[in-house]
Amino acid sequence: MALEPPQRLVTALGETAQDGDDWLDKLPGAVEKAVALRGLTVERVHVPGGRSSLVLMVRRSDDTPAVLKLVPPRSRPESERAALAHWNGLGAVRLLDPECADGALLMERLHRDVSVRSLPEAKALLEAAGTLRRLWVEPPAGHRFETVAERTGRQADAMRASAAADAGVGPLVDAALAARDELLGASVEPRLLHGTFRQSKVLAGDRLPWLAVGPDPVVGEPAFDLARLVRDRVEDLIASPSGASITRRRVKKLAESLEVEQERLRGWTLFRAVESGVRALRVGRPQDAELLLEFAGWL
(Lines give C-alpha, C1' and ligand atoms only; values in the text may rest on other atoms or scores of the structure.)
Protein backbone atom coordinates (compact mmCIF):
# COMPACT_ATOMS: atom_id res chain seq x y z
CA MET A 1 0.00 0.00 0.00
CA ALA A 2 1.23 3.50 -0.87
CA LEU A 3 2.18 5.30 2.30
CA GLU A 4 3.76 8.70 2.85
CA PRO A 5 4.59 9.46 6.50
CA PRO A 6 3.86 13.07 7.47
CA GLN A 7 6.92 15.31 7.32
CA ARG A 8 6.44 16.29 10.95
CA LEU A 9 6.98 12.67 12.00
CA VAL A 10 9.97 12.20 9.70
CA THR A 11 11.63 15.35 11.05
CA ALA A 12 11.00 14.45 14.68
CA LEU A 13 12.39 10.94 14.32
CA GLY A 14 15.43 12.34 12.57
CA GLU A 15 16.05 14.60 15.56
CA THR A 16 15.63 12.14 18.38
CA ALA A 17 15.32 8.51 17.31
CA GLN A 18 18.31 6.38 16.52
CA ASP A 19 15.96 3.72 15.17
CA GLY A 20 13.86 6.26 13.28
CA ASP A 21 15.09 5.52 9.77
CA ASP A 22 14.83 1.77 10.25
CA TRP A 23 11.30 2.05 11.63
CA LEU A 24 10.22 4.32 8.79
CA ASP A 25 11.65 1.90 6.24
CA LYS A 26 9.61 -0.94 7.75
CA LEU A 27 6.47 1.14 8.21
CA PRO A 28 4.61 0.23 4.99
CA GLY A 29 4.91 -3.46 5.78
CA ALA A 30 3.88 -2.93 9.39
CA VAL A 31 0.80 -0.99 8.29
CA GLU A 32 -0.18 -3.70 5.82
CA LYS A 33 0.07 -6.40 8.47
CA ALA A 34 -1.83 -4.41 11.11
CA VAL A 35 -4.62 -3.56 8.66
CA ALA A 36 -4.96 -7.15 7.48
CA LEU A 37 -4.93 -8.56 11.02
CA ARG A 38 -7.84 -6.34 12.02
CA GLY A 39 -9.79 -6.42 8.76
CA LEU A 40 -9.57 -2.67 8.26
CA THR A 41 -10.01 -0.34 5.31
CA VAL A 42 -7.64 2.64 5.26
CA GLU A 43 -9.17 6.01 4.45
CA ARG A 44 -6.18 8.33 4.85
CA VAL A 45 -3.11 9.27 6.85
CA HIS A 46 -3.78 11.92 9.48
CA VAL A 47 -1.77 15.05 8.63
CA PRO A 48 0.14 16.83 10.09
CA GLY A 49 -0.05 14.10 12.74
CA GLY A 50 2.18 13.78 15.78
CA ARG A 51 5.92 13.73 16.36
CA SER A 52 6.13 10.14 17.58
CA SER A 53 3.56 8.02 15.70
CA LEU A 54 1.74 7.43 12.44
CA VAL A 55 -2.05 7.82 12.69
CA LEU A 56 -4.39 6.37 10.07
CA MET A 57 -8.10 7.01 9.66
CA VAL A 58 -9.63 3.57 9.07
CA ARG A 59 -12.94 1.72 8.98
CA ARG A 60 -13.65 -1.60 10.65
CA SER A 61 -15.34 -4.52 8.92
CA ASP A 62 -18.75 -3.25 10.09
CA ASP A 63 -17.94 0.19 8.58
CA THR A 64 -17.55 1.96 11.92
CA PRO A 65 -14.83 4.62 11.90
CA ALA A 66 -11.69 4.07 13.97
CA VAL A 67 -8.07 5.14 14.24
CA LEU A 68 -5.02 2.93 13.78
CA LYS A 69 -1.85 4.18 15.43
CA LEU A 70 1.64 2.79 14.83
CA VAL A 71 4.39 3.71 17.27
CA PRO A 72 8.17 3.11 17.18
CA PRO A 73 9.35 0.61 19.82
CA ARG A 74 11.29 3.34 21.67
CA SER A 75 7.99 5.12 22.36
CA ARG A 76 6.70 2.15 24.35
CA PRO A 77 3.48 1.26 22.50
CA GLU A 78 2.73 -1.63 24.87
CA SER A 79 2.87 0.73 27.82
CA GLU A 80 0.36 2.99 26.08
CA ARG A 81 -1.81 -0.04 25.32
CA ALA A 82 -1.76 -1.16 28.95
CA ALA A 83 -2.74 2.30 30.22
CA LEU A 84 -5.61 2.68 27.74
CA ALA A 85 -6.87 -0.80 28.61
CA HIS A 86 -6.77 0.05 32.33
CA TRP A 87 -8.64 3.34 31.86
CA ASN A 88 -11.15 1.55 29.60
CA GLY A 89 -12.50 4.78 28.15
CA LEU A 90 -12.66 6.68 31.45
CA GLY A 91 -11.26 10.08 30.49
CA ALA A 92 -9.22 8.61 27.65
CA VAL A 93 -9.79 7.31 24.13
CA ARG A 94 -11.12 3.74 24.14
CA LEU A 95 -8.88 0.92 22.93
CA LEU A 96 -10.68 -1.39 20.49
CA ASP A 97 -8.15 -4.21 20.20
CA PRO A 98 -6.82 -4.87 23.71
CA GLU A 99 -5.62 -8.38 22.86
CA CYS A 100 -3.43 -7.48 19.85
CA ALA A 101 0.24 -6.97 20.66
CA ASP A 102 1.88 -6.08 17.35
CA GLY A 103 2.90 -2.51 18.21
CA ALA A 104 -0.22 -1.01 16.61
CA LEU A 105 -3.22 0.42 18.47
CA LEU A 106 -6.80 0.45 17.19
CA MET A 107 -8.89 3.09 18.94
CA GLU A 108 -12.24 4.81 18.71
CA ARG A 109 -12.17 7.77 16.36
CA LEU A 110 -12.27 11.21 17.90
CA HIS A 111 -12.39 14.60 16.23
CA ARG A 112 -8.65 14.91 15.77
CA ASP A 113 -8.84 18.45 14.41
CA VAL A 114 -10.68 19.73 17.50
CA SER A 115 -8.63 19.84 20.69
CA VAL A 116 -9.13 21.63 23.99
CA ARG A 117 -6.45 24.04 22.77
CA SER A 118 -9.04 25.47 20.34
CA LEU A 119 -11.03 26.88 23.29
CA PRO A 120 -10.38 30.21 25.00
CA GLU A 121 -7.52 29.82 27.45
CA ALA A 122 -9.49 29.82 30.71
CA LYS A 123 -12.04 27.32 29.38
CA ALA A 124 -9.29 25.16 27.88
CA LEU A 125 -7.48 24.88 31.21
CA LEU A 126 -10.73 24.02 32.99
CA GLU A 127 -11.68 21.25 30.54
CA ALA A 128 -8.15 19.86 30.37
CA ALA A 129 -7.85 19.74 34.15
CA GLY A 130 -11.19 17.97 34.47
CA THR A 131 -10.09 15.35 31.96
CA LEU A 132 -6.78 14.85 33.72
CA ARG A 133 -8.45 14.29 37.08
CA ARG A 134 -10.36 11.28 35.68
CA LEU A 135 -7.12 9.61 34.59
CA TRP A 136 -5.53 9.60 38.05
CA VAL A 137 -6.52 6.14 39.16
CA GLU A 138 -4.75 3.44 41.13
CA PRO A 139 -2.36 1.54 38.84
CA PRO A 140 -3.12 -2.12 38.17
CA ALA A 141 -1.57 -4.71 40.47
CA GLY A 142 1.77 -5.99 39.20
CA HIS A 143 2.07 -3.21 36.63
CA ARG A 144 5.21 -2.66 34.60
CA PHE A 145 4.82 1.07 34.08
CA GLU A 146 7.86 3.26 34.54
CA THR A 147 7.84 5.30 37.74
CA VAL A 148 8.36 9.05 37.98
CA ALA A 149 11.62 8.39 39.85
CA GLU A 150 12.89 6.15 37.04
CA ARG A 151 11.90 8.46 34.21
CA THR A 152 13.22 11.60 35.81
CA GLY A 153 16.38 9.76 36.78
CA ARG A 154 17.20 9.15 33.13
CA GLN A 155 16.31 12.72 32.33
CA ALA A 156 18.47 14.03 35.16
CA ASP A 157 21.51 12.23 33.78
CA ALA A 158 20.98 13.86 30.36
CA MET A 159 20.49 17.26 32.02
CA ARG A 160 23.77 16.96 33.89
CA ALA A 161 25.56 16.12 30.63
CA SER A 162 23.99 19.15 28.95
CA ALA A 163 25.02 21.41 31.82
CA ALA A 164 28.58 20.14 31.58
CA ALA A 165 28.65 21.02 27.88
CA ASP A 166 26.89 24.39 28.22
CA ALA A 167 27.62 26.35 31.38
CA GLY A 168 24.84 28.80 30.54
CA VAL A 169 22.15 26.32 31.55
CA GLY A 170 23.99 25.18 34.68
CA PRO A 171 22.13 27.28 37.30
CA LEU A 172 18.68 26.27 36.03
CA VAL A 173 19.71 22.62 35.79
CA ASP A 174 21.03 22.73 39.34
CA ALA A 175 17.77 24.25 40.58
CA ALA A 176 15.68 21.68 38.70
CA LEU A 177 17.73 18.75 40.02
CA ALA A 178 17.53 20.06 43.57
CA ALA A 179 13.75 20.35 43.22
CA ARG A 180 13.56 16.76 41.96
CA ASP A 181 15.62 15.44 44.87
CA GLU A 182 13.36 17.19 47.38
CA LEU A 183 10.15 16.05 45.66
CA LEU A 184 11.22 12.42 45.48
CA GLY A 185 12.14 12.47 49.15
CA ALA A 186 8.50 12.70 50.23
CA SER A 187 6.10 9.77 50.39
CA VAL A 188 3.09 10.18 48.08
CA GLU A 189 0.28 7.90 47.01
CA PRO A 190 1.10 6.70 43.48
CA ARG A 191 -1.38 7.06 40.65
CA LEU A 192 -1.37 6.08 37.00
CA LEU A 193 -0.48 9.27 35.12
CA HIS A 194 -0.82 10.28 31.48
CA GLY A 195 2.84 11.29 31.40
CA THR A 196 2.75 13.81 28.55
CA PHE A 197 -0.50 15.64 29.17
CA ARG A 198 -1.24 19.00 27.57
CA GLN A 199 -4.17 20.76 25.93
CA SER A 200 -3.46 19.35 22.47
CA LYS A 201 -3.71 15.83 23.92
CA VAL A 202 -7.42 16.31 24.73
CA LEU A 203 -9.68 15.82 21.71
CA ALA A 204 -13.39 16.22 21.14
CA GLY A 205 -15.36 12.97 21.12
CA ASP A 206 -18.87 11.68 20.58
CA ARG A 207 -19.04 9.35 23.59
CA LEU A 208 -17.83 12.13 25.90
CA PRO A 209 -17.13 15.80 25.11
CA TRP A 210 -13.37 15.52 25.72
CA LEU A 211 -11.03 12.53 25.87
CA ALA A 212 -7.27 12.26 26.33
CA VAL A 213 -5.02 10.63 23.73
CA GLY A 214 -1.36 9.78 23.34
CA PRO A 215 -0.25 8.87 26.87
CA ASP A 216 3.30 7.97 27.76
CA PRO A 217 2.14 6.50 31.06
CA VAL A 218 4.08 6.70 34.27
CA VAL A 219 3.26 5.94 37.90
CA GLY A 220 3.75 8.62 40.52
CA GLU A 221 2.20 11.70 42.07
CA PRO A 222 -0.44 13.76 40.21
CA ALA A 223 1.58 16.99 40.52
CA PHE A 224 4.09 15.55 38.02
CA ASP A 225 1.32 15.13 35.43
CA LEU A 226 -0.20 18.53 36.07
CA ALA A 227 3.17 20.26 35.68
CA ARG A 228 3.16 19.95 31.90
CA LEU A 229 -0.23 21.64 31.71
CA VAL A 230 1.07 24.69 33.59
CA ARG A 231 3.25 25.73 30.66
CA ASP A 232 0.69 25.21 27.91
CA ARG A 233 0.73 28.01 25.33
CA VAL A 234 4.18 28.97 26.61
CA GLU A 235 4.76 31.16 23.56
CA ASP A 236 1.80 33.32 24.60
CA LEU A 237 3.06 33.51 28.17
CA ILE A 238 6.51 34.66 27.03
CA ALA A 239 4.97 37.27 24.72
CA SER A 240 2.88 38.72 27.53
CA PRO A 241 4.40 41.53 29.65
CA SER A 242 2.77 39.89 32.68
CA GLY A 243 3.71 36.33 31.73
CA ALA A 244 5.56 35.63 34.99
CA SER A 245 2.64 36.67 37.17
CA ILE A 246 0.17 34.78 34.96
CA THR A 247 2.31 31.67 35.37
CA ARG A 248 2.37 31.96 39.15
CA ARG A 249 -1.40 32.45 39.24
CA ARG A 250 -1.84 29.44 36.98
CA VAL A 251 0.22 27.26 39.32
CA LYS A 252 -1.92 28.39 42.25
CA LYS A 253 -5.23 27.93 40.44
CA LEU A 254 -4.43 24.48 39.04
CA ALA A 255 -3.05 23.28 42.36
CA GLU A 256 -6.18 24.37 44.18
CA SER A 257 -8.64 23.04 41.58
CA LEU A 258 -7.00 19.59 41.46
CA GLU A 259 -6.07 19.41 45.12
CA VAL A 260 -2.31 19.08 44.80
CA GLU A 261 0.25 20.95 46.89
CA GLN A 262 1.20 24.22 45.21
CA GLU A 263 4.91 23.94 46.02
CA ARG A 264 5.07 20.40 44.67
CA LEU A 265 3.41 21.54 41.45
CA ARG A 266 5.83 24.45 41.17
CA GLY A 267 8.79 22.12 41.69
CA TRP A 268 7.73 19.60 39.07
CA THR A 269 6.87 22.42 36.65
CA LEU A 270 10.40 23.75 37.07
CA PHE A 271 11.98 20.36 36.56
CA ARG A 272 9.92 19.50 33.50
CA ALA A 273 10.42 22.90 31.85
CA VAL A 274 14.20 22.79 32.33
CA GLU A 275 14.36 19.17 31.14
CA SER A 276 12.41 20.06 27.99
CA GLY A 277 14.51 23.17 27.43
CA VAL A 278 17.89 21.45 27.61
CA ARG A 279 16.56 18.61 25.46
CA ALA A 280 15.47 21.15 22.84
CA LEU A 281 18.99 22.58 22.86
CA ARG A 282 20.45 19.10 22.50
CA VAL A 283 18.42 18.27 19.36
CA GLY A 284 18.93 21.64 17.68
CA ARG A 285 15.74 23.59 18.50
CA PRO A 286 17.23 26.73 20.08
CA GLN A 287 14.07 28.86 19.80
CA ASP A 288 12.01 26.30 21.72
CA ALA A 289 14.79 26.02 24.27
CA GLU A 290 14.88 29.78 24.80
CA LEU A 291 11.13 29.92 25.48
CA LEU A 292 11.20 27.00 27.91
CA LEU A 293 14.22 28.16 29.86
CA GLU A 294 12.88 31.71 30.18
CA PHE A 295 9.62 30.23 31.47
CA ALA A 296 11.55 28.07 33.94
CA GLY A 297 13.34 31.14 35.23
CA TRP A 298 10.00 32.56 36.41
CA LEU A 299 9.47 29.64 38.76
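Predicted model: local features only at pLDDT ≥ 70, side-chain atom pairs only at ≥ 80, totals over all residues.
Residues are numbered from 1 along each chain as its sequence is written, and side-chain values use heavy atoms, leaving out hydrogens and water.

Helices here are DSSP runs (H or I, at least four residues), numbered from the N terminus. Helix α10 covers residues 262–282 and helix α11 residues 286–297; they pack at about 160 degrees, with axes 8 Å apart. Axes are lines fitted to C-alpha atoms over the stretch in contact, and angles run from 0 to 180 degrees between N-to-C directions. The pair is therefore roughly antiparallel, the word for angles over 145 degrees. Among the residues in contact (heavy atoms within 4.5 Å) are L270, V274 and L281 of α10, together with P286, L292 and F295 of α11. By class, this contact has 12 nonpolar, 3 polar and 1 charged residues. Nonpolar takes in Ala, Val, Leu, Ile, Met, Phe, Trp, Tyr, Cys and Pro; Asp, Glu, Lys and Arg are charged, and the others, Gly among them, are polar.

Helix α10 also meets helix α5 (residues 148–165): their axes come within 10 Å and cross at roughly 50 degrees. This crossing is left-handed. On the α5 side sit V148, T152, Q155, A158, M159 and S162, facing W268, F271, V274, E275, V278 and R282 of α10.

Technical notes
Helix = DSSP H or I, 4+ residues; strand = E, 2+ residues; numbered from the N terminus. Parallel < 35°, antiparallel > 145°, perpendicular 65-115°, else oblique. Left-handed = near helix turned anticlockwise from the far one by under 90°.
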